[in-house]
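Open the model in your viewer and keep the selection panel at hand. The tour moves from the whole chain to single residues and pairs.

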Amino acid sequence: MTTFKKTRKFLVESYFDNIIDDEEFVLLYDSNFSKNPAFPYQEYGRFCLEKLENTECEAELRFRKNDIPELAEALGIPEYFKCPQGTKADGLEGLCAVLKRFAYPCRYSDMIPLFGRAVPELSMITNVVVDYIYDHHGHRVSHWNEMLFSPDNLKDYASSIFLKGAALNNCVGFIDGTVRAICRPGKLQRAVYNGHKRVHAIKFQSVALPNGMIGHLYGPMEGRRHDSFMLAQSGLLNQLQTFCFTEEGQPLCLYGDPAYPLRVHLQAPFRNAVLTQPMKEFNKSMSKVRIAVEWLFGDIVNYFKFMDFKKNLKIGLSCVGKMYIVCAILRNALTCLYGNQTSEYFGLSPPTLQEYFGNY
């Protein structure tokens, strides 16, 4: 593929050979000049995981050094990735580029010393790997996950939540919507404006499980949408009515905030104008355990802070919704390896990487 540098060199040679005149040379040379700064990257060596210290990996990539190859194997990362324009990157290098990009708000130029590649290459490699993870593993959070919602696991979820003081003995998880602020778009601003948070945003609906896993994630939706609208669009209630039962046939439920309707498989706090003492005690006991869903929302943006930097989240220029879903998948991978605050609170161990990514 012809680069700007090669094109300009050819134009200079054509000018000195009198193939083009002064006016044509100025016009063509200016139009073939890249506006992107040329960062020196040849002086840095290519990425090598072995050269990094364990503490550096945890800080820069969020995973421990010895666990990154295990993560790559669980995700089924190929030997190499090939970009549309022909650039090739080692599979492990591509995965680490995504982890580095999402770990903290950084520019691609900030990644040059670690990966020794030009900015356009880093951009294309990152996009290719994000697409790969989303295409091959997005269904683990966007569809009903039979492994996470197996009858045995549902029984454990209900038991662990009840033992923490919940009034309901059949609650298996918590549902809530999250608002992710984005950069103000140039068009259709009203569609993504969230009046409650007073930001332009996209929304997701998430189901948090007591083992610390994100069991289900629906979105993105426009920021103006209500949680009950997302529930209807997601089809989650139909899935609960089909699969969410004990082995004896007793219905199990999710617990949400007052925005959600009351159903057999979906419970919410009492919202009467005047609450009796038992109603207040019920709401208090469920509110105490429901905080777990907020912990999981916080975990995603705390470990992958790129998703909390709204100035760089520009819909139309980058796949913001897809990136958030990929970060949720990676957050689940972190939970499988190291657990989290939610799993410790409920005393329930998450699945292993092989168990979570092994089922289709």
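Helices here are DSSP runs of H or I with at least four residues, numbered from the N terminus. By that rule, Glu23 sits in helix α2, residues 22–31. Keep in mind that this is a predicted model.

**Whole chain**

Start with everything shown. The chain has 16 helices and 8 strands. Its C-alpha trace spans about 90 × 45 × 30 Å along the principal axes. Colour by accessibility next. Of the 360 residues, 48% count as buried.

**Stop 1: a charged patch**

Select Asp21, Asp22, Glu23 and Glu24. Together they form a negative surface patch. Is Glu23 buried or exposed? Its relative accessibility is 68%, so Glu23 counts as exposed, the cut-off being over 50%.

**Stop 2: salt bridges**

Side chains of opposite charge can pair when their charged atoms come close. How many salt bridges does the structure hold? There are 11.

Select Arg117 and Glu93. They form a salt bridge, with 2.7 Å between the closest N and O atoms. Arg117 lies in the loop between α6 (112–115) and α7 (119–137), while Glu93 lies in helix α5 (residues 91–103), so the pair ties together parts that are 24 residues apart in sequence. Arg117 is buried, at 3% relative accessible area. Glu93 is buried too, at 7% relative accessibility.

Now select Asp176 and Arg290. Their side chains meet in a salt bridge, 3.0 Å from N to O. Which elements do they tie together? Asp176 belongs to strand β3 (residues 171–181) and Arg290 to helix α13 (residues 277–303), so the bridge ties together parts 114 residues apart in sequence. Asp176 and Arg290 are both buried.

Go on to Lys203 and Asp227. This salt bridge has its closest N and O atoms 2.9 Å apart. Lys203 is in strand β5 (residues 199–208) and Asp227 in helix α11 (residues 227–234); the pair links distant parts of the chain, 24 residues apart. Lys203 and Asp227 are both buried.

Salt bridges that share partners join Glu93, Arg117 and Glu121 into one network.

**Stop 3: helix α7**

Now show its buried residues. Glu121, the network member from the last stop, is one of them. Others to pick out include Leu122, Ile125, Val128, Val129, Tyr132 and His137.

**Stop 4: two distances to check**

Select Cys253. It lies in strand β7, residues 253–255. Its relative accessible area is 0%, so Cys253 counts as buried. Draw a distance to Pro269, 16 residues apart from Cys253 along the chain. The two C-alpha atoms are separated by 13 Å.

Finish at Met221, in strand β6, residues 214–222. With a relative accessible area of 12%, Met221 is buried, because the cut-off is under 20%. How far apart are the C-alpha atoms of Met221 and Gln205, given 16 residues between their positions along the chain? The separation is 8.9 Å.

Conventions
Residues numbered from 1 in each chain as written. Predicted model: local features only at pLDDT ≥ 70, side-chain atom pairs only at ≥ 80, totals over all residues. Heavy atoms only, no water. Patch = residues over 30% accessible without salt bridge, like charges linked within 9 Å, V, L, I, M, F, W, Y side chains within 5 Å. Areas by Shrake-Rupley, 256 points an atom, 1.4 Å probe, with all protein chains shown as cover. Salt bridge = Lys/Arg side-chain N within 4 Å of Asp/Glu carboxyl O. Lys, Arg positive; Asp, Glu negative; His and termini not counted. Charge placed at Lys NZ, Arg CZ, Asp CG, Glu CD. Helix = DSSP H or I, 4+ residues; strand = E, 2+ residues; numbered from the N terminus. Buried < 20%, exposed > 50% of the residue type's maximum accessible area, 1.4 Å probe, protein only.
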